[in-house]
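Work through the exercises below with the sequence and the 3D view side by side. Try each task before you read its solution.

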Amino acid sequence: MIAAFFAVIRRDLLLAFRRRAEMANPLFFFVLVVTLFPLAVGAQPHLLQEMAPGVIWVSALLAALLSLDGMFRSDFEDGSLEQMLLSSQPLAILVLGKIIAHWLVTGLPLLLAAPLLAMFLGLPEQAMGTLWLTLILATPLLSLIGAIGVALTVGLRRGGMILSLLVLPLYVPVLIFASSAVGRAAEGLPVSAQLNILLAMLLAAMVLVPLPTSIALKMSVN
Amino acid sequence: MNWEVFLEMGGYGFYVWTAYGVTFAVLLLNILWPIMQRKQLLRQLIIRQKRGQR
Amino acid sequence: MSVIPASIGRFFHRTASPPYFYALADKLIPWLTAILLVLLVCGLYGGLYLAPSDYQQGDSYRIIYIHVPAAWMSLFVYVLMAVMAGIALVWRMKLAEVMLIASAPVGAGFTFIALVTGSLWGKPMWGTWWVWDARLTFELILLFQYLGVVSLYSAIEDKRSAAKEVAILALVGVVNVPIIHYSVEWWSTLHQGPTVTKLDKPSIHVTMLIPLLLMALAFKFYYLIAVLQNAKLELLKRESSSQWVKNLLEKKA
């Protein structure tokens, strides 16, 4: 079972690595969307600094949302998803493996953009640590929560819009706590409560998400 | 029963009556729509059944 | 399952059969409608005429008689949907699936009403059409959760799978409801001042309370009628090729 878990992760990483160029897309998207905000609202430093936590986190959310479709899509299309459903390994474990691989490929790279975005928006130095922490805690959470939505819509031809409609209400609490944490850190206020809540949500999601996701996958594939 | 005073609602008439109006419109719609759809479906099914029987 | 007496088991078994349920709905609806109308008339008479003006808000507070019951129902219906979702998934009960999907548009309607009436209440009170207070924000997200259920169901062709997927969505969504409530409340206290509490009446006078409870009850009966109408339609759609529907058509033609 553990071997299957790591095998799934390794396979997905390998497949992703074969299309190395595509791996940078969520990252580029993330930076690009953040860039839109100064262009749209004007470049006053004070305004940008105030908006920074929210802007960074909304953009991260959108980047995560856009990358969700790839989680099960290619496996669905070439039949390997069906194989996974039929395998003797518990599907929940395989699904958790796929989610983790998805995060490693689409979520973790977003951290690389953090210093650049902080600079673009004038986020104070003292908030950087919290920014890193929220990204590390919440991006896997986004992959996990998103997985349920993907599993429900993977069988649909144009599932993208519906996927967003399903997943965004579930993302709202993550957005609230993550952006609030960064905002408070920027003002020098304590953020342990928000970070603890994010951590709790992450742990809860790791335990609770795989099962409904596997059930949804079984329904989608049939 | 002073109808004018009633409709005025202490100056807030527009807000109160729009609120009640929207409420009843939505509630009515949510009942009438399935009824209409069902009647239409029944008609279509009857036609189909008659065709099938011939 | 042995805890449930046999007679009740038989009752559910019979009720769960589509033709029986369809006929039952037909019998119940007129009675429910009669009760609904009585409750509505009493509630509205009490709320719009008998109850006195509010000291602070004048007559605009009377929106409470539709805003609050609608908000209560928007939450109640979603929880009910989650219960039906659980029953549908665990016991594979077709009727639970039908009631689940029949409830969604009704719940969405209530949520929409809560938002619009809240907005119309807020404009004279707070001066703007929209306020990002905890309650309205929560209702807005709840509306999106309802719309998600409706969208997902209509997007999937095979309605049996669609119902099961929607059941999962409803269960996941209901877990999200208290989380959203908590996080939005907390977020709201960060950004709002004390003016938000205008909607919280510390103690409500009994002449104002009774019409409110009557309206709340009336909305529950409305929900039953609306869900039965939706359920009849859905049953007809799903079972259109079955024998009982054919018999029904013969009777109508």
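A crossing of two helices is left-handed if the near helix is turned anticlockwise from the far one by less than a right angle, and right-handed if clockwise. This is a predicted model: local features need pLDDT of at least 70, side-chain atom pairs count only at pLDDT 80 or more, and totals for chains, interfaces and linings use all residues. Residues are numbered from 1 along each chain as its sequence is written, while chains are lettered from A and ligands numbered from 1 in the order in which they are written.

**Exercise 1. A helix pair**

Describe how α2(C) and α7(C) cross.

Solution. Start with the handedness: the crossing of α2(C) and α7(C) is left-handed. Next, take the angle. Helix α2 of chain C covers residues 18–50 and packs against α7(C) at about 155 degrees, with the axes 7 Å apart. Axes are lines fitted to C-alpha atoms, for helices over the stretch in contact, and angles run from 0 to 180 degrees between N-to-C directions. Angles under 35 degrees count as roughly parallel, over 145 as roughly antiparallel, 65 to 115 as roughly perpendicular and the rest as oblique. Therefore α2(C) is roughly antiparallel to α7(C).

**Exercise 2. The fold of chain A**

How many helices and strands does chain A have?

Solution. Helices (H or I, at least four residues) and strands (E, at least two) are DSSP runs, numbered from the N terminus. Chain A has 12 helices and zero strands. Its radius of gyration (taken over C-alpha atoms) is 18 Å, close to the 17 Å of the globule rule (2.2 Å times the number of residues to the power 0.38) for 222 residues, so chain A is as compact as a globular protein of that length. Its C-alpha trace spans about 55 × 35 × 30 Å along the principal axes.

**Exercise 3. Where chain A touches chain C**

Which helix of chain A gives the most residues to this side?

Solution. Two residues are in contact if their C-beta atoms, placed from the backbone, lie within 7 Å. Chain A brings 19 residues and chain C brings 21. On the chain A side, α9 (128–153), α10 (159–186) and α12 (210–221) each supply at least two residues. The most come from α10(A), with 11 residues. Now sort by class. Ala, Val, Leu, Ile, Met, Phe, Trp, Tyr, Cys and Pro count as nonpolar, Asp, Glu, Lys and Arg as charged, and the others, Gly among them, as polar. The chain A side has 17 nonpolar, two polar and no charged residues.
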